[in-house]
Amino acid sequence: MAERVEIFEVGPRDGLQNEPQPIATKDKIALVDCLSGAGFRRIECASFVSPKWVPQMADSAAVLAGIARVPGVSYAALTPNLRGLEAALAAGADEVAIFGSASEGFSKANINANIAESLERFQPVADMAREAGLPVRGYVSCVVECPYDGAVAPAAVARVVAALRDMGCYEVSLGDTIGRGVPAAVDAMLEAVLQEIPVACLAGHFHDTGGRALENVDVALARGLRVFDAAVGGLGGCPYAPGAAGNVATEALHDHLISRGYETGLDRSVLVRAAEMARGMRGHG
Ligand code: HMG
Ligand code: MG
């Protein structure tokens with residue numbers, strides 16, 4: 001039997017957050033409902049951040065309230081601070097994520113805190129989520145390159161990963177936020193990170209700006225990672241990462257994994273439908 005690689009769908013959050021024109025809440029709900037028929041175990045569909053910083057995510061509570069929840073699917077939300085966590089709890093998110101950066105420049109631009117401040121801010125979020133029984137995922141952005149600081153040292157990534165591990169994150173997702181990572185750099189970063197955390201607690205999160213996301217997935221597969229974040233239709237980008245293009249497209253990653261002899265448990269025809277929907281929401285359908 002083929003080995004399973006899990007795709008963690010982030011399209012409704014990472015894919016849409018950067019869209020400048022408002023997208024109707026009902027369209028976001030329809031996208032999540034389409035995706036939950038594809039076989040994902042986890043779908044990130046909300047972000048309880050400042051609506052001044054990321055207006056597109058301002059209706060996250062309404063999205064979580066409107067979706068038809070499929071048993072067994074975890075509907076995930078980003079929570080940068082306690083206020084975000086309280087909102088996520090009230091909205092019924094099944095799991096939350098704290099999101100830090102390995103580079104100071106991006107940390108400041110994205111969450112208005114340096115790395116040390118951000119980790120201090122995350123600790124009570126992780127504690128309170130755990131008390132509420134919610135799994136906490138961690139993200140580390142700019143694991144190879146930062147749009148502000150340039151190349152990022154593998155040791156800097158490993159330090160933030162270790163801090164998130166110590167806060168009790170069940171998984172840490174490693175973000176090539178601006179998609180400039182090349183396989184050799186990704187491999188060196190993974191080597192450092194794996195000194196700190198078991199491979200089963202890691203996920204790869206590759207944006208595809210440089211067109212090398214799938215090569216980077218291969219490097220991570222060779223290192224033993226078996227979870228990858230992706231967005232249907234390859235939408236996305238981070239508002240605070242100039243030049244960042246979309247996440248690796250879920251349907252492309254799915255096909256790539258199948259061609260490598262893995263299975264994903266996903267229904268490709270549903271992925272194609274969701275990708276069309278997602279692209280349509282952006283006006284490129
Ligand atoms: P701040 O300005 O330092 O914080 O922002 P503040 O506490 O002074 O709050 C500013 C305003 O936001 C206040 O409103 C707060 O009430 C409000 P005002 O008084 O001005 O009217 N506020 C909130 N509103 C709703 N929900 C909240 C919340 N917190 C404060 N939770 C903060 C700090 C973290 C809030 C801000 O910087 C922020 O929201 N940043 C989010 C940036 C973001 O969402 N980026 C994209 C996601 S990360 C990503 O895409 C990378 C990833 O995909 C991995 C990868 O690719 O690398 C995960
Ligand atoms: Mg991202």
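## Elements and model

Helices (H or I, at least four residues) and strands (E, at least two) are DSSP runs numbered from the N terminus. The model is predicted, with local features needing pLDDT of at least 70, side-chain atom pairs counting only at pLDDT 80 or more, and totals for chains, interfaces and linings using all residues. Residues are numbered from 1 along each chain as its sequence is written, while chains are lettered from A and ligands numbered from 1 in the order in which they are written.

## Surroundings of ligand 1

Ligand 1 is surrounded by 27 residues, each with its C-beta atom, placed from the backbone, within 6 Å of the ligand. The closest are Ser-50, Gly-84, Asn-112, Ser-141 and Gly-175. Three elements each give this shell at least two residues: α4 (82-91), α5 (104-111) and β5 (136-141). Of these, α4 has the largest share of the shell, with 3 residues.

By class, the shell holds 12 nonpolar, 12 polar and 3 charged residues. Here Ala, Val, Leu, Ile, Met, Phe, Trp, Tyr, Cys and Pro are nonpolar, Asp, Glu, Lys and Arg charged, and the others, Gly among them, polar.

Asn-112 has 13 other C-beta atoms within 10 Å, so it is partly exposed (20 or more count as buried, 12 or fewer as exposed, in between as partly exposed; C-beta atoms are placed from the backbone).

Cys-142 lies in the loop between β5 and β6 (145-146). Its phi is also near 55°, again positive in a residue that is not glycine. Cys-142 is buried because 33 other C-beta atoms lie within 10 Å.

## Nonpolar core

The largest nonpolar core has 93 residues (buried Ala, Val, Leu, Ile, Met, Phe, Trp, Tyr and Cys joined through C-beta atoms within 7 Å). Val-96, Val-140, Val-143 and Val-157 touch the most other members. Helix α7 (residues 154-166) gives the most to this core, 7 residues. In soluble globular proteins, nonpolar side chains tend to be buried together.

Leaving out residues up to four places away in sequence, Val-96 touches Ala-76, Ala-77, Thr-79, Leu-85, Ala-88, Ala-129, Leu-134 and Val-136 (contact: C-beta atoms within 7 Å).

## Helices α10 and α11

Helix α10 (residues 250-259) packs against helix α11 (residues 268-281) at an angle of about 155°, and their axes are 9 Å apart. This makes α10 roughly antiparallel to α11, a term for angles over 145 degrees. Thr-250, Glu-251 and His-254 of α10 make the contact with Arg-268, Leu-271, Val-272 and Ala-275 of α11. The residues of this contact comprise 3 nonpolar, 2 polar and 2 charged.

## Two further loop residues

Asp-208 is in the loop between β9 (202-206) and α9 (213-222). It counts as buried because it has 23 C-beta neighbours inside 10 Å. Apart from neighbours within four places in sequence, Asp-208 is in contact with Gly-179, Ala-213, Gly-234, Ala-245, Gly-246, Asn-247 and Val-248. Its C-alpha atom is separated by 22 Å from that of Val-32, 176 residues apart along the chain.

Pro-20 is found in the loop between α1 (11-15) and α2 (25-36). With 8 other C-beta atoms within 10 Å, Pro-20 is exposed. The C-alpha atoms of Pro-20 and Ala-113 are 93 residues apart along the chain and separated by 24 Å.

How values were computed: Contact = placed C-beta atoms within 7 Å. Axes fitted to C-alpha atoms, helices over the stretch in contact; angles between N-to-C directions. Parallel < 35°, antiparallel > 145°, perpendicular 65-115°, else oblique.
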